Every structure is written in structure tokens, then in C-alpha cells.
Amino acid sequence: MSVISTITVKVPATTANLGPGFDCIGAALKLYNEFKFTRNERGLIIQVSGTEAEKVQTDESNLLYQAFLKLYQYIEQTSPSVKIEIKLGVPLARGLGSSATAIVGGLVAGNVLAGSPLSELQVMELAIAMEGHPDNVVPALLGGCCLAATGLTGWEICDITWHRQIVPVIAIPDFELSTLEARQVLPTEVSRGDAIFNTAHFGLLLRGLATHREEWLRAALQDKLHQPYRQALIPGYDAVEAAAVAAGAYGMVISGAGPTLLALTDELHTPGVATAMRNAWKQVGIKSVAQSLPLDIQGVTIF
Ligand SMILES: Nc1ncnc2c1ncn2[C@@H]1O[C@H](COP(=O)(O)OP(=O)(O)O)[C@@H](O)[C@H]1O
Ligand SMILES: N[C@@H](CCOP(=O)(O)O)C(=O)O
């Protein structure tokens, strides 16, 4: 069998939670990180280019490399020495699943270089364990919008129908919020009322996404499990939400753990919603980049 010496893995950004689906739903977006691994006898080399490249660690602590090592630990083999070239398109710590791209990228690259001993499902389970929640890594691997739930013997994954007329618009501010910090503000227990609220609204979200029925979508994006606690970490949240809705969005949510904000709208209102979100943030002194980003339906690709 010939030994693979180089491999490139392209992994999409993801937007998790979609309001009431905390820690269980996420969608892949057409925004990518690319990771090239080349066997290299002279020890670890990590080179980073692209968006905010200077912020990524270039030593053994790099998350992408940690995921690569994890794969080899799992299959009980010594990892090869590698040169890693990272091309960043997904901004870091903005709620767009940059850590999931690194985890998925490292595991998938490791698996391919090792001769593909693990199935896609095994790689997915390792990725979920590393990230601690499934809602970014699953769509990053599979593409589209995915729901992950613990089954009786492992994870159950459903692909969620996303009506083609529903367009995501994201506004990415120029400040970071680590997922760890945004999880620390959440309560460990919730009331029965809040649990029922989210159960009902999550059901409505799934039907709203499938049907594009506007009144369902408008109601469905509400949440009581994470957003009320996280909004205080995102200055201007209320103003950006009001501007997005006034410009024609069905509603707005925090993308992942934030601070990126995600509005759902239709094709016609997309430019107006993006401009309204950017302007609303500008008025409170925050620079942002706002744009529509279609769903990626392919997930991780290898070449
Ligand atoms: N391409 C990458 N290579 C290495 N590490 C990365 C990469 N992308 C993200 N990370 C790590 O993940 C951290 C961000 O993770 P997190 O706080 O979960 O935010 P996000 O919402 O972007 O996933 C970064 O600070 C960095 O340590
Ligand atoms: N369900 C998680 C999702 C975190 O997504 P990220 O893109 O911010 O890493 C959470 O809300 O904490």
C-alpha cells in the first residue's frame, strides 16, 4: 500500500443553536478554513495565513495539531511528523465554529494519513468528544443543517430540511468572545417553564425551516436557555436585532456562542438586512462585516 504524503482538508464554518436549539442543531456555511498536512521528517512546522493569522498558535498547543495527535492516540499509533499549512477564512472566537474546523480538520487529516482506519461515524464521535457539544462539528463534517441527539447506543444525526428561500445573514463584529467565556454565564439548571418554552419553539423552528412559513419562523427564533444570559456580552444586541427585523428579517439570534449575530430572511431582503445590522452596530461604536452566507451542503472535503 502506498503511503499518502500530503493531504488538504477544507472545513466549513458553522452556525450553532439557531435560537432554541442550544447544543443540538447547527448549519454549515460557505466560509472555509483549509488545512494542508505534509509528512516532514524535520519536526513540526505550522504556517498560518489568511484572516487573523497572527492569533493562531504555531506550536504543539495548536488545536488542529492536538486533534491530529488525538486521532493517532485513539488508533494507538505514533503520529508522523508533519508540516501544517493553515489558510484561515473563518474568523476566530466569533461564534462561527472556528474551533470545530480545527478539530474536524485535524482528525480527518490524521485519519487519511493513517490510511483511513476509522469510519466517518468514529471520526464524528471523536470530534464531538473533543468539542464537548455536537452542533458545530457534525455540520462541519456532513454539511447542511444537522440535528444531533444521543441515541440508545450512540449519536443519532438527522439532516434538517432548510427551505431554499430562507437566507442566513451574518454580522461579524470586530471583537472576540470565547465559547468558554460565553458558556460560563449560563445557569446549570433551568425552570420547567423555560424547558417547555424551548421544546415548543424548537419544534416550531424545525417546521418553520422546512416550510418557510413566516409566522412560525418569526416566533421560532426565541430562546430561554442561553440567549438571555449571553446578550449582555454583546453590546448593541437589541439595536441590531430591531434593525434586522425592521429591514425584513424573520428574526435574529446569536450565532453559536456569539458575538456574531445571525438573521434569517429571504433573498429580496438580504442586502437591506445586512446593511441595517452593520449600521446599527456602527451606531454603538462597533465595526462589523455583514453579509449573506448560503448553506454549505458538502461538509468537509479532502483533496
Ligand atoms: N484554524 C485553527 N487552528 C488552530 N486553532 C484554532 C483554529 N481555529 C480556532 N482555533 C482555536 O479555537 C479558539 C476559538 O474557539 P472558540 O472560543 O470555541 O470560538 P469559535 O466560536 O470560533 O469556535 C481559538 O482561539 C484557537 O485557540
Ligand atoms: N452550542 C454551543 C455552540 C458554540 O459555537 P461556537 O461557534 O461559538 O464555538 C454554545 O452555544 O456554547
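A polar contact is a pair of N or O atoms within 3.5 Å. The legends below apply this term to a predicted model.

Figure 1. A polar side-chain atom of Thr179 is found 2.7 Å from an oxygen atom of ligand 1. Because a pair of N or O atoms within 3.5 Å counts as a polar contact, this pair at 2.7 Å qualifies. Ser99 also places a polar side-chain atom beside the ligand, 2.8 Å from an oxygen atom of ligand 1. Ala93 takes part through its backbone: a polar backbone atom of Ala93 is 2.9 Å from an oxygen atom of ligand 1. On its own, ligand 1 has 560 Å² of accessible area, and the protein covers 84% of it.

**Figure 2. The shell around ligand 1.** There are 18 residues around ligand 1, and those that come nearest are Ala93, Gly95, Ser98, Ser99 and Thr179. Sorted by class, the shell holds 9 nonpolar, 8 polar and 1 charged residues. Two helices, H1 (63-74) and H2 (98-113), each contribute at least two residues to this shell. The largest share, 3 residues, is supplied by H2. The space that ligand 1 takes is the largest pocket.

**Figure 3. Polar contacts of ligand 2.** A polar side-chain atom of Asp23 lies 2.5 Å from a nitrogen atom of ligand 2. Asn17 has a polar side-chain atom 2.8 Å from an oxygen atom of ligand 2. For Asn136, a polar side-chain atom is 3.0 Å from an oxygen atom of ligand 2. Ligand 2 exposes 350 Å² when taken alone, and 98% of that is buried by the protein.

**Figure 4. The shell around ligand 2.** Of the 15 residues around ligand 2, the nearest are Asn17, Asp23, Asp135, Arg183 and Arg230. The shell is made up of 4 nonpolar, 7 polar and 4 charged residues. Ligand 2 sits in the largest pocket.

**Figure 5. Ligand 2 and the two domains.** Why does ligand 2 lie between domain 1 and domain 2? Domain 1 covers residues 6-160 together with 296-302, and domain 2 covers residues 167-292. Both domains give residues to the shell around ligand 2, and therefore the ligand lies between them.

Key
Residues are numbered from 1 along each chain as its sequence is written. Chains are lettered from A and ligands numbered from 1 in the order in which they are written. This is a predicted model: local features need pLDDT of at least 70, side-chain atom pairs count only at pLDDT 80 or more; totals for chains, interfaces and linings use all residues. Side-chain values use heavy atoms; hydrogens and water are left out. A residue is near a molecule or strand if one of its heavy atoms lies within 4 Å of it. A polar contact is a pair of N or O atoms within 3.5 Å; within protein, one must be able to donate a hydrogen and the other to accept it, and residues adjacent in sequence count only if both atoms are side-chain atoms. Accessible areas come from the Shrake-Rupley method with a 1.4 Å probe; for residues, only the protein chains shown count as cover. On a 1 Å grid over the protein atoms alone, a cavity is a set of points where a 1.4 Å probe fits but cannot get out, and a pocket is an open set with protein on both sides within 12 Å along at least five of seven lines; lining residues have an atom within 4 Å of a point. A molecule sits in a cavity or pocket if more than half of its atoms lie within 2 Å of its grid points. Ala, Val, Leu, Ile, Met, Phe, Trp, Tyr, Cys and Pro count as nonpolar, Asp, Glu, Lys and Arg as charged, and the others, Gly among them, as polar. Domain bounds come from an automatic or database domain assignment. Helices (H or I, at least four residues) and strands (E, at least two) are DSSP runs, numbered from the N terminus.
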